[in-house]
Amino acid sequence: MTIPGTAKLVPVALAAALATGCATVPGEPDPRDPLEGMNRSVYQFNDTVDRAVFRPVAQAYQAVLPVPVRDCITNFFGNLGDVWSAANSFLQGRAPQGINTVGRVLMNSTLGVFGCFDPASSVGVPKVPNDFGTTLGVWGLAPGPYLVLPFFGPSTVRDGAGRIVDVYGGVVDHIDNVRVRNSLWGLGLLNDRSRLLDAGELLDDVALDPYSFVRDAYLQRRRNQIRGAEGESDLPDYSLPDYGDDPK
């Protein structure tokens with residue numbers, strides 16, 4: 001899912017972050033993160049914007065909407081995301097996984113009332129978040145250097161390229177009605193951010209170096225997704241929603 005006009009904002013935001021200079025890199029450099037100085041500057045920029053704008057709006061959203069409504073919204077967008085996840089499973093040669101995900105979409109779209117509920121998970125059909133960056137990894141493309149993208153957060157060179165394809169694979173992106181499409185974009189992004197509120201507070205409380213924690217969590221999660229090791233990592237994804245249960 002993408003923000004309307006974000007492609008134009010990213011170069012401006014990156015320039016603004018770099019204008020402040022590269023942040024100091026503590027300790028020994030991580031070979032996975034040769035651009036750490038630049039990445040830390042972009043991370044600081046994202047964090048500043050988030051604390052000033054996105055986090056307060058997400059907190060208001062969470063305060064206004066009751067949990068059942070947020071669960072319905074989460075499940076609805078998760079069901080839409082499963083369509084692209086299924087396509088990527090087939091592209092990766094994981095046909096059983098793709099068939100199961102198609103089954104999830106059919107069950108949740110019908111018995112789940114257009115995805116508002118998630119009966120598929122209740123009967124043991126697992127959710128497998130998937131995207132084209134994962135597909136490129138399964139095909140053998142190396143991740144390349146770790147990157148922090150303005151507004152989007154943690155990524156790699158490979159995953160950043162995969163995002164371009166993901167734009168064309170998303171169901172919402174193909175809605176012709178601009179007002180409806182933009183409204184769904186905004187609602188989905190707001191819901192995603194609200195679901196990370198608890199993880200963000202935990203990060204502030206326990207991480208000595210939040211940047212390194214997010215980087216390691218992201219890279220571990222992506223590695224597990226490419227290996228097909230479902231459930232190996234309990235670390236949250238700070239960039240892409242997994243549409244699990246809404247935090248209570």
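Predicted model: local features only at pLDDT ≥ 70, side-chain atom pairs only at ≥ 80, totals over all residues.

Reader: How do you know that the span of helix 3 agrees with its number of residues?

Author: Helices here are DSSP runs of H or I with at least four residues, numbered from the N terminus. The expected span is 1.5 Å times one less than the number of residues. Helix 3 (residues 67-91) has 25 residues, so it should span 36 Å, and its end C-alpha atoms are 35 Å apart, which agrees. After helix 3 comes Gly93, with a positive phi near 80°.

Reader: Why is the pair Tyr43 and Tyr211 called edge-to-face?

Author: Rings of Phe, Tyr and Trp (its six-membered ring) pair if their centres lie within 6.5 Å; planes under 30 degrees apart count as stacked, over 60 as edge-to-face and the rest as tilted. The structure holds six aromatic pairs. In this one the centres are 5.6 Å apart and the planes stand at 85°, so the pair is edge-to-face.

Reader: What makes Tyr211 buried or exposed?

Author: Buried means under 20% relative accessible area, exposed over 50%, and partly exposed in between (1.4 Å probe, protein chains only). Tyr211 has 2%, so Tyr211 is buried.

Reader: And which labels do Phe132 and Trp139 get as a pair?

Author: Their ring centres lie 5.7 Å apart with planes at 90°, so they are edge-to-face. Phe132, at 13% relative accessibility, counts as buried, whereas Trp139, at 48%, counts as partly exposed.

Reader: What makes Asp30 and Arg215 a salt bridge?

Author: A salt bridge needs a side-chain nitrogen of Lys or Arg within 4 Å of a carboxyl oxygen of Asp or Glu. For Asp30 and Arg215 the N to O distance is 3.5 Å, and their side chains meet in a salt bridge. Asp30 sits in the loop between helix 1 (6-19) and helix 2, Arg215 in helix 10, 185 residues apart. Asp30 and Arg215 are both buried. The two also take part in a network of salt bridges whose members include Arg32, Asp33 and Glu36.

Reader: Which residues form salt bridges with Asp204?

Author: Arg51 does, with its closest N and O atoms 3.1 Å apart. Arg51 lies in helix 2 and Asp204 in helix 9 (residues 197-206), 153 residues apart. Arg55 also does, at 3.5 Å. Since Arg55 is in helix 2 too, that pair ties together parts 149 residues apart in sequence. Asp204 has a relative accessible area of 35%, so Asp204 is partly exposed. Arg51, at 40%, counts as partly exposed, while Arg55, at 15%, counts as buried.

Reader: How many salt bridges are found in the whole structure?

Author: The search finds 19.

Technical notes. Residues numbered from 1 in each chain as written. Heavy atoms only, no water. Helix = DSSP H or I, 4+ residues; strand = E, 2+ residues; numbered from the N terminus.
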